[in-house]
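This report describes a few local features of one protein chain. Please look over the sequence and the structure before reading on.

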Amino acid sequence: MESVKEKGEDRIQLEKVLHMNAGDGNNSYANNSLLQKKVMLKAKPILQESITKLCTKNSPDCIKMADMGCSSGPNTFVPIWEIIDAIDDTCNRLKRKPPVLQVFLNDLPTNDFNLISMSLPSFYKKLEEEKGGEFGACFIAAVPGNFYGRLFPPKSLHFVHSSYSLHWFSQVPKIPLNKGHIYLAKTSPANVHKAYLGQFERDLETFLRCRSEEMVHEGRMVLTFYGRDDMNMYKSNTYKPNIWELFGTLLNDMVLEGLIEETKLDTFNIPFYGASAQEVKNVIESEGSFTINRFESFQIGWDAGIDDRYKNSIDKYTKGAYIADRIRAVSESILSNHFGDKLIDIMFQRFSVRIGEYMEMENGAYTNHVVSMTCNK
């Protein structure tokens, strides 16, 4: 049996290497996260509905909220603006004085909080210009730490938000041999899927338990997950490979060329899981601290947001480069830690070609789940 010490060491190691690319350069998350922004905008009605109900039923003088897995760049402020608009509209409708808003931005300590800090003056300036000083004061603070553990005092939060973060694990699970793959694939053994699902269930249960202790009774939470369509997708006749399965075929080619050691490939597993809607619901219901108010799923293309960057004609190579850059922004840290820095450019140059050619034949898309909940403890 794996010891507690070993589990702790695995968790600390992943915390050190798991982060989105920092800064605002060509390979940064800040410049390669348009898809994540599209997901946030798609989930906006559910987020604003949850805030509206919170403000209508409860009217605290200060609303304290946490955004968990905030990352850095423009997307960090997207949900804050949506929440401010919802609070402002609700208070105007009810003829109430707007509350003070305290926002805690949380991510792992390796996150680029410096970029967030440098963006705060322009955020406050925009808030003053758009709301004219009529909105209540807004205070934003960074809270570095792992959200698979306690971060706030008991019963201190009114609202929690997280988008595209909870598919990442707290630690790399002990995956049985998944020959030639770095994630779940159609040919992966059943015990590999069981290991991935088990880690997802443990992590989400821990997250929910921690948040229930930190949130006030009837506090609200909105979570957006990267997921998948159903529990039987690997047996479907219409099966399409996920994006990491395609990346794995690329790494297999590099093994055959002698660029990567076979053992290096066989010992690497992407530490996240795309759950089905039912798997997410099962964990929430079995943990028991939250009541589901609304649950919706939607798909969004792998190339979502590309039109915002390229206004002219988009050929397959442009599309491939766009998708590859986004995958690089979220995974370079863990890939370079395992395979080495020297191979990263080669990996993603090849991947941009491969994914572009694939997208010329197929429409790759991500499934996403959005769940709105109320804390019942």
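The model is predicted.

Helix α3 covers residues 78-94, which is 17 residues. From its first C-alpha to its last, α3 reaches 25 Å, close to the 24 Å expected at 1.5 Å a residue. Helix α3 is mostly covered, with 12 of its 17 residues buried.

## Residues with positive phi

Just after α3 comes Lys95, which takes a positive phi of about 55°.

Tyr164 also has a positive phi, about 55°, although it is not a glycine. Tyr164 lies in the loop between β4 (157-163) and α5 (190-214). Is Tyr164 buried or exposed? Tyr164 has a relative accessible area of 13%, and because buried means under 20%, Tyr164 counts as buried.

Glu218 is another residue other than glycine with a positive phi, here near 70°. The place of Glu218 is in strand β5, which runs over residues 215-227. The relative accessibility of Glu218 is 26%, so Glu218 counts as partly exposed.

## How α6 packs against α11

Two packed helices are described by the angle between their axes and the distance between the axes. For helix α6 (residues 243-256) and helix α11 (residues 344-361), the angle is about 125° and the axes are 10 Å apart. That angle makes α6 oblique to α11. The crossing of α6 past α11 is right-handed.

Which residues of α6 meet α11? From α6 the contact includes Ile243, Leu246, Phe247, Thr249, Leu250, Leu251, Asp253 and Met254. On the α11 side they meet Ile346, Met347, Phe348, Arg350, Phe351, Arg354, Ile355 and Tyr358. The residues of this contact divide into 12 nonpolar, 1 polar and 3 charged.

Definitions and conventions:
Residues numbered from 1 in each chain as written. Predicted model: local features only at pLDDT ≥ 70, side-chain atom pairs only at ≥ 80, totals over all residues. Heavy atoms only, no water. Axes fitted to C-alpha atoms, helices over the stretch in contact; angles between N-to-C directions. Helix = DSSP H or I, 4+ residues; strand = E, 2+ residues; numbered from the N terminus. Parallel < 35°, antiparallel > 145°, perpendicular 65-115°, else oblique. Left-handed = near helix turned anticlockwise from the far one by under 90°. Contact = heavy atoms within 4.5 Å. Nonpolar A, V, L, I, M, F, W, Y, C, P; charged D, E, K, R; others polar. Buried < 20%, exposed > 50% of the residue type's maximum accessible area, 1.4 Å probe, protein only. Expected span 1.5 Å × (residues − 1).
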